[in-house]
Amino acid sequence: TIILSENPDSKIYPASTTKLSTALTALNIYPLDEELRIKQEYKEGKVMELKLDEKITIKSLVTALLVYSANDAAYTLANHHQKGESAFVEQMNLINKKYGLKNTNFTNFDGIHNENHYSTVYDLSQIARLAIKSQVVLNTVKQKEVIVEDVDKTIKHPLVSTNELLG
């Protein structure tokens with residue numbers, strides 16, 4: 001039930017809130033325990049500094065995405081799609097369509113500004129409602145600090161939540 005609303009369908013640029021859809025898409029198409037190898041480092045925006053050839057699980061990448069808003073985790077998840085990054089973004093948009101979010105269009109996985117990458121307050125609230133139905137998302141976003149490790153437990157990424165409201 002909407003209690004108060006002002007311009008709920010006005011176009012806005014979702015920035016890092018995009019990563020909530022990236023996480024939902026990854027959780028929808030990949031098994032959490034699947035391992036992958038970092039094939040390319042990604043340095044744009046906020047990164048956790050994943051290393052070339054590092055082996056890491058989908059769960060660890062989703063954790064880094066939800067706790068730290070790590071763009072390189074988002075990049076790695078998107079590029080892990082068998083048809084590449086653009087197919088991953090298509091999957092993000094298919095989820096929007098499935099749930100009737102007609103005022104949202106994603107052009108990327110990390111929210112880097114693009115004129116055609118937009119949403120609305122209403123649609124973002126619906127994405128958040130979908131997200132909190134996932135036990136993985138719900139348990140992950142509650143964490144203030146986390147250490148994400150590679151598969152061999154030799155590389156550690158200490159991450160502090162970007163959510164200033166925690167605690």
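1. First, a term: a salt bridge here is a side-chain nitrogen of Lys or Arg within 4 Å of a carboxyl oxygen of Asp or Glu. By that rule the side chains of glutamate 149 and lysine 153 pair up, at 3.4 Å from N to O. Glutamate 149 also forms a salt bridge with lysine 156, where the closest N and O atoms are 2.3 Å apart. Put together, Glu149, Lys153 and Lys156 are linked in a network of salt bridges.

2. Some ground rules before going on. This is a predicted model, in which local features need pLDDT of at least 70 and side-chain atom pairs count only at pLDDT 80 or more, while totals for chains, interfaces and linings use all residues. Residues are numbered from 1 along each chain as its sequence is written, and side-chain values use heavy atoms, with hydrogens and water left out.

3. How open is that network to the outside? For accessibility, buried means under 20% relative accessible area, exposed means over 50%, and partly exposed is in between (1.4 Å probe, protein chains only). Glutamate 149 is partly exposed at 22% relative accessibility, and lysine 156 is partly exposed at 48%. Lysine 153 counts as exposed, at 55%.

4. Aspartate 150 deserves a look of its own. It sits in the loop between strand 3 (145–149) and strand 4 (156–160); helices (H or I, at least four residues) and strands (E, at least two) are DSSP runs, numbered from the N terminus.

5. Across the whole structure, a search finds six salt bridges. One of them joins the side chains of arginine 37 and aspartate 53, at 2.5 Å from N to O. This pair links distant parts of the chain: arginine 37 is in strand 1 (residues 35–37), and aspartate 53 is 16 residues apart from it, in the loop between strand 1 and strand 2 (55–57). Arginine 37 is partly exposed, with a relative accessible area of 41%, and aspartate 53 is partly exposed too, at 47%.

6. Now for helix 2 (58–68). It is mostly covered, with 10 of its 11 residues buried; among them are Ile58, Leu61, Leu65 and Tyr68. Serine 69 follows helix 2 and has a positive phi, near 60°. Isoleucine 58 is 6.2 Å from aspartate 33, C-alpha to C-alpha, though the two are 25 residues apart in sequence. Aspartate 33 lies in the loop between helix 1 and strand 1 and is exposed, with a relative accessible area of 61%.

7. On a 1 Å grid over the protein atoms alone, a cavity is a set of points where a 1.4 Å probe fits but cannot get out, and a pocket is an open set with protein on both sides within 12 Å along at least five of seven lines; lining residues have an atom within 4 Å of a point. Grid points are joined across faces, edges and corners, and a volume is the space filled by probe spheres set on the points.

8. The structure holds one cavity of 30 Å³ or more. The largest cavity has a volume of about 50 Å³, and its lining includes Ser21, Met92, Asn96 and Ile127. Helix 1 (18–29), helix 4 (85–98) and helix 5 (121–131) each give two or more residues to that lining.

9. The largest pocket holds about 430 Å³ of space. Of the 20 residues that line it, Ser16, Thr17, Leu20, Leu66 and Val141 are the closest to its centre. The second largest pocket has a volume of about 230 Å³, with a lining that includes Thr1, Glu6, Tyr122 and Arg129.
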